Amino acid sequence: MPAEWDRIDGLLFSGRTIQAAQTIREQFGPLPMRETIRILGERFEHLRDNRPDEFRVSLGGYWDGFYS
């Protein structure tokens with residue numbers, strides 16, 4: 001796995017989606033917010049499908065309070 005995803009994945013696993021979005025923009029940007037949200041969602045889906053046991057927060061309400 002490329003090193004730039006390590007920090008982003010750690011933020012997603014701990015439920016820190018805003019910080020994960022900021023890190024995506026830092027690592028791969030500058031990006032429009034729409035593109036950032038798309039990448040964030042795709043990465044979340046990838047992690048949920050491939051590494052669900054590493055999440056430290058409930059996946060049921062994961063996106064509660066995140067508005068884009």
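Predicted model: local features only at pLDDT ≥ 70, side-chain atom pairs only at ≥ 80, totals over all residues.
Start with α2, residues 17-28. Its 12 residues reach 16 Å from the first C-alpha to the last, close to the 16 Å expected at 1.5 Å a residue. T17, A20, A21, T23 and I24 are the buried residues of α2. They cover an arc of only 165° around the axis, which puts them on the same side of α2. The cover over these buried residues includes α1 (3-13) and α3 (33-50).

Now turn to α3. Its 18 residues should span 26 Å at 1.5 Å a residue, and the end C-alpha atoms are 26 Å apart, which agrees. Buried here are T36, I39, L40, R43, F44 and L47. Seen down the axis of α3, they fall within an arc of 135°, so they line one face of the helix. That buried set packs against α1 and α2. On the other side of α3, R34 and D49 are exposed.

Next comes the pairing of α1 with α3. The two helices pack at an angle of about 75°, with axes 11 Å apart. Angles of 65 to 115 degrees count as roughly perpendicular, and that makes α1 roughly perpendicular to α3. From α1, the contact uses W5, D9, L12 and F13. From α3, it uses I39, L40, R43, F44 and L47. By class, this contact has 7 nonpolar residues, no polar ones and 2 charged ones.

Methods
Residues numbered from 1 in each chain as written. Heavy atoms only, no water. Helix = DSSP H or I, 4+ residues; strand = E, 2+ residues; numbered from the N terminus. Expected span 1.5 Å × (residues − 1). Buried < 20%, exposed > 50% of the residue type's maximum accessible area, 1.4 Å probe, protein only. Arc of directions from axis to C-beta. Contact = heavy atoms within 4.5 Å. Axes fitted to C-alpha atoms, helices over the stretch in contact; angles between N-to-C directions. Parallel < 35°, antiparallel > 145°, perpendicular 65-115°, else oblique. Nonpolar A, V, L, I, M, F, W, Y, C, P; charged D, E, K, R; others polar.
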